[in-house]
Amino acid sequence: MSVLFTNDVLVAIALGVIGAIVFSLIGLVSGTDETATIAPLTLLVILLGAPPAAVFTFFLAGAVAKHMTHAVPTTLLGIPGDTMAVPLMREARLLRSLGVPHIALRKAISGAIISAFIAVPVAVLFATLLAPVADTVQSVAPWLFLVAAVAIAYTSPGKWSGVAALVPFVVLVLALKSLTKSYDVSLNISYFLGIAVGPLIADLFLVLGASGRKDMARKEPATVWLAPEIKGWNGYFPNPFRMLDRKQTAHVAATATVSSATFVFSPVAMTVLMGEVVGSRVKHGYHRLTSVIAARNGTTESTYIAEALIPLIAFGLPLSPVAAGPAAPLFNAPPVFTTDDGTGQIRNLSTALTNWEFLLYGLGAVVIAAIIAYPFAMNFAHRAATLVVRFVSHEAIIATFTGLVVVISVWEGGILGLAVTLTVGLVGGLLSRAFKIHAGVLFMGYYVAVLSVPAILAL
């Protein structure tokens, strides 16, 4: 038993390091959506047979690392690193116009690392308090998924149009389920892949047409102005508490604590809200900008951690936008992790780890990400941003993830699995663009199709 435990710890550390390195680099590339990158790679790790603790460490270390380095293109280049970085854009732009983008970067990344260490124990504690009602939640899971899907869709930018768009998407999933069943093919992963990379698949289909290519074509390379590199500390590992003043540290700690005790709200909405709360309490213009960007980037960490940990520990069901999006493979990755379509019975990461293991491996993942991503971003942000802008091709990244999607979907269901992935991805991507609904809404739509609709028809 001790040998097994030791082996699991070593594998968890190894995969945590790999996750932190990979997503530290991915975070440097602007526009790399969390769901389209974190979910497929986590799914791949699960299918390769990694132990549950290692899967969790890989996921969390990767998510924490990405939400530190996504501040590099956001603050230095003026291009959002991913969806969660969009709320940072205003403060980043204003600080860049003041000639201090390096200050914006330091504040944002330091806020992130402090928030991550706070979020894990707070989220585990809050989840433990909710755990006694877990059986009740599981018994009403079909109806809870329906309510949660409508609520999450309404909180998306599409509002009621997002809620309405769920109906045809749910019907599409039901139709595809019926089609594959008639050929004795059972698919789950292909649906998740299609939803995760939906906008990518939609773009690939659009570019096949003349009008789509015309809209996406660029006559000349983009011009990016990169501020000079300025280092204000000694050694390799700067102290994040010295990057923020006492009031800013207090604001980051407060917003991290509050956002770590929530799990049903949109992470982007929580990031904006926490920034507005901090901004309303700081009067000096420059201090307000630096305080808000630190609190907001800290909230990107704390919300992601909380919205993955709380549903895992308390319910075992993906009842949050993050759990239904980037963290979806932790709940449902057949045949390793499953949420039974008919009964709602679970056999996933929530049943594989104890609360103490979630806490210890969660803190371990944060430590790994902090050791790798924080000093890397603080010391090499300028050079890394320069290399990314000059030499990293978006086409190469798209090709990489396209190949990954094809391999996994064909592995699960052959040509039919690939067809389902493309169909769900195309429809989901177009719905995302036309109705402004994020992947978390579509993931909830999938659960409505496989859990809520059968319960409704059984009445």
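A residue is termed exposed when its relative accessible area is over 50%, buried when that area is under 20%, and partly exposed in between. In the predicted model described here, Trp 160 has a relative accessible area of 59% and is therefore exposed. Tyr 154, at 36%, is partly exposed.

Five aromatic pairs are counted in the model. One of them joins Tyr 154 and Trp 160, whose ring centres lie 5.0 Å apart. Their planes meet at 55°, so this pair is classed as tilted. The ring of Tyr 154 has a further contact, with a charged side chain: the charged end of Lys 159 sits over this ring, 5.0 Å from its centre.

A tilted aromatic pair is also formed by Tyr 191 and Tyr 446. Here the distance is 5.4 Å centre to centre, with 40° between the planes. Tyr 191 belongs to helix α10 (residues 189–196) and Tyr 446 to helix α21 (residues 439–457), so that the pair links distant parts of the chain, 255 residues apart. Tyr 191 and Tyr 446 are both buried.

The backbone at Asp 184 was also examined. Asp 184 is located in the loop between α9 (160–182) and α10. Most residues other than glycine have a negative phi. Asp 184 is not a glycine, yet its phi is positive, at about 55°.

Key
Residues are numbered from 1 along each chain as its sequence is written. This is a predicted model: local features need pLDDT of at least 70, side-chain atom pairs count only at pLDDT 80 or more; totals for chains, interfaces and linings use all residues. Side-chain values use heavy atoms; hydrogens and water are left out. Rings of Phe, Tyr and Trp (its six-membered ring) pair if their centres lie within 6.5 Å; planes under 30 degrees apart count as stacked, over 60 as edge-to-face and the rest as tilted. Buried means under 20% relative accessible area, exposed over 50%, partly exposed in between (1.4 Å probe, protein chains only). Helices (H or I, at least four residues) and strands (E, at least two) are DSSP runs, numbered from the N terminus. A charge sits over a ring if NZ of Lys or CZ of Arg is within 6 Å of the ring centre and within 35 degrees of the ring normal.
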